[in-house]
Amino acid sequence: MFFTRSIFCNTSSTLGKLALKLVEKKGSLQYKSSVICFVYNTILWASEPLQTIVEAHLLGHKAGQLTGDIVFALHNLILAILTDYVAGKSLDTVQKNAMDFVSVLNRHGLKIFFKNTVLLLSQISVLSKGPDAAQVDSMPSEWEILSDASSGPSIAAYGKLHHLTRAFLFRQMCDASLHVDISGAVSESHHQLNPHYLMGYFFEGLASFQFARQTRSSESAKWMERGQSVLAKMRCWSEHSLWNWENKVLLLEAESMFANGEIDSAGR
């Protein structure tokens with residue numbers, strides 16, 4: 001199965017890079033923003049360093065501005081901001097860029113990408129100020145966005161992964177148990193996998209091994225199985241980009257060993 005996926009990813013990567021070369025030809029500038037957005041968001045995110053992905057989307061943003069392609073200019077910009085968050089950029093910087101993005105949306109009278117951005121701002125507020133700081137001034141609350149039937153399953157999946165991340169980091173494990181199935185939520189939404197969702201998988205694995213240590217017998221076995229399933233997925237994606245995911249795999253492996261009582265191996 002990995003061999004098949006590897007061939008698919010390599011073929012996709014080749015085609016994606018070919019598309020990027022073609023839009024550099026004379027008369028193709030009008031397509032550059034959309035091609036960069038599509039290629040990096042659906043293909044090259046799996047193999048390129050996160051910082052390279054950010055730079056590419058910023059280039060796509062500028063290309064869209066030059067040609068008047070506002071939608072793909074904005075799409076590239078929000079993808080750059082989201083990837084900066086995953087890559088560990090300063091929360092203050094990501095917050096400022098996200099707030100500026102909301103201002104751009106308001107200036108153009110657009111609502112596209114608005115809900116994702118508000119959820120990100122809420123997450124940054126919580127991580128910066130604590131669990132009770134989810135509300136962002138003058139913006140809809142998380143509850144309003146996630147309870148809106150028009151938001152769709154992909155927004156629900158984003159909300160779920162944000163809640164799991166904060167619940168695990170603040171050790172609110174009862175809340176974590178309500179949001180731990182990130183891989184299931186992503187599958188249900190039929191949404192394109194991306195670095196943000198893959199970070200959700202990572203926290204699903206961390207939480208699962210934590211629950212495995214805190215529960216007994218059959219419950220513990222269930223959580224270990226979930227953790228191992230996530231670890232297998234992360235190993236697969238790490239094969240395509242050690243730069244982005246190897247450290248996450250090593251930490252999940254250590255958590256797995258620790259949950260099995262292999263303390264020395266986990267330490268190494």
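Predicted model: local features only at pLDDT ≥ 70, side-chain atom pairs only at ≥ 80, totals over all residues.

**Pockets, cavities and helix packing**

Trainee: What is the volume of the second largest pocket, and which helices give two or more residues to its lining?

Mentor: A pocket is an open set of points on a 1 Å grid where a 1.4 Å probe fits, with protein on both sides within 12 Å along at least five of seven lines, and lining residues have an atom within 4 Å of a point. The volume, as the space filled by probe spheres set on the points, is about 280 Å³. Of its 17 lining residues, the closest to the centre are His75, Phe113, Asn116, Tyr158 and His191. The helices that give two or more residues are H4 (70-87), H6 (114-129) and H8 (152-169).

Trainee: How many charged residues does the lining of that second largest pocket have?

Mentor: The classes are nonpolar (Ala, Val, Leu, Ile, Met, Phe, Trp, Tyr, Cys and Pro), charged (Asp, Glu, Lys and Arg) and polar (the others, Gly among them). The lining of the second largest pocket has eight nonpolar and seven polar residues, and its charged residues number two.

Trainee: Which helix gives the most to the lining of the largest cavity?

Mentor: A search of the whole structure finds one cavity of 30 Å³ or more, a cavity being a set from which the probe cannot get out. About 110 Å³ of space lies in the largest cavity, and Asn41, Leu79, Thr83, Asn194 and Pro195 are the closest to its centre of the 13 residues that line it. That lining divides into eight nonpolar, five polar and no charged residues. H2 (29-42), H3 (50-67), H4 and H11 each supply at least two residues, and the helix that gives the most, with four, is H4.

Trainee: At what angle do H2 and H4 pack?

Mentor: Contact means heavy atoms within 4.5 Å, and here Ser33, Ser34, Ile36, Cys37 and Asn41 in H2 meet Phe72, Ala73, His75, Asn76 and Leu79 in H4. By class, this contact has five nonpolar, five polar and no charged residues. The axes (lines fitted to C-alpha atoms over the stretch in contact, with angles from 0 to 180 degrees between N-to-C directions) are 8 Å apart, and the angle is about 35°.

Trainee: How are H11 and H13 oriented to each other?

Mentor: Among the residues in contact, Phe202 and Leu206 in H11 and Trp245 and Leu252 in H13 take part; by class, the contact has 11 nonpolar, two polar and three charged residues. The axes of H11 (195-214) and H13 (242-259) come within 9 Å and cross at roughly 15°. Angles under 35 degrees count as roughly parallel, over 145 as roughly antiparallel, 65 to 115 as roughly perpendicular and the rest as oblique, and H11 and H13 are therefore roughly parallel.

Trainee: How are H8 and H11 oriented to each other?

Mentor: Their axes lie 9 Å apart at an angle of about 45°. H8 and H11 are therefore oblique.

How values were computed. Residues numbered from 1 in each chain as written. Heavy atoms only, no water.
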